[in-house]
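Here's a short walk through one protein model. Have a look at the fold and the pocket as you read.

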Amino acid sequence: HAIDKGYEYAFLIAGSGAESDAQLQLLLNAIPKSAIVICSLPCMQAGSHEIVRAKELAAMSMPNANSNVDAAKIAAIVIQNACVGDAEDLKYTAFVVEGINKKSSKNFQMTGL
């Protein structure tokens, strides 16, 4: 429970959809810093867009010259319907977690370093 962890509020917001990043940032600016914010994204998007979008959302929570220090930060990403009870659950979730956490480019990858 978020409240038990010291957060005054908990928000689950859509990380994709009709909202622009500017609208999402306005929403984060309006949410108190004492809140935990979790974004949700649909799974199995074309071109693995859920991974791309999760990285974009994570970048919005990183401090930079343009960021509002008083804005709430996105603490977690939930991938909707990633686990459906079949044999592909573990494979897909491992792929998504690795893809989100990977810092290398999708287009230029080197191995063996």
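For sorting side chains by class, Ala, Val, Leu, Ile, Met, Phe, Trp, Tyr, Cys and Pro count as nonpolar, Asp, Glu, Lys and Arg as charged, and the others, Gly among them, as polar. By that scheme, the lining of the largest pocket has eight nonpolar, two polar and three charged residues. A pocket here is an open set of points on a 1 Å grid over the protein atoms alone, with protein on both sides within 12 Å along at least five of seven lines; lining residues have an atom within 4 Å of a point.

This is a predicted model, where local features need pLDDT of at least 70, side-chain atom pairs count only at pLDDT 80 or more, and totals for chains, interfaces and linings use all residues. Residues are numbered from 1 along each chain as its sequence is written, and side-chain values use heavy atoms, leaving out hydrogens and water.

On confidence, pLDDT is the predictor's own score for each residue, from 0 to 100. The protein chain averages 82, and 81% of the residues score at least 70. Helices (H or I, at least four residues) and strands (E, at least two) are DSSP runs, numbered from the N terminus.

| Element | Residues | Mean pLDDT |
|---|---|---|
| α1 (lowest) | 21-30 | 87 |
| α3 (highest) | 89-101 | 93 |

Now the sheet. Its three strands make an open sheet in the order β1-β2-β3, with parallel pairing (two strands pair if DSSP finds at least two bridges between them). β1 (9-14) and β3 (74-80) sit at the edges with a single partner strand each, so one side of each has no neighbour in the sheet. β2 (residues 35-42) pairs with β3 over six bridges, and proline 42 stands opposite glutamine 80 in β3.

Back to the pocket: β3 gives the most to its lining, with four residues. Among the 13 lining residues, the closest to the centre are Ala54, Lys55, Ala58, Ile100 and Asn101.

Key: On a 1 Å grid over the protein atoms alone, a cavity is a set of points where a 1.4 Å probe fits but cannot get out, and a pocket is an open set with protein on both sides within 12 Å along at least five of seven lines; lining residues have an atom within 4 Å of a point.
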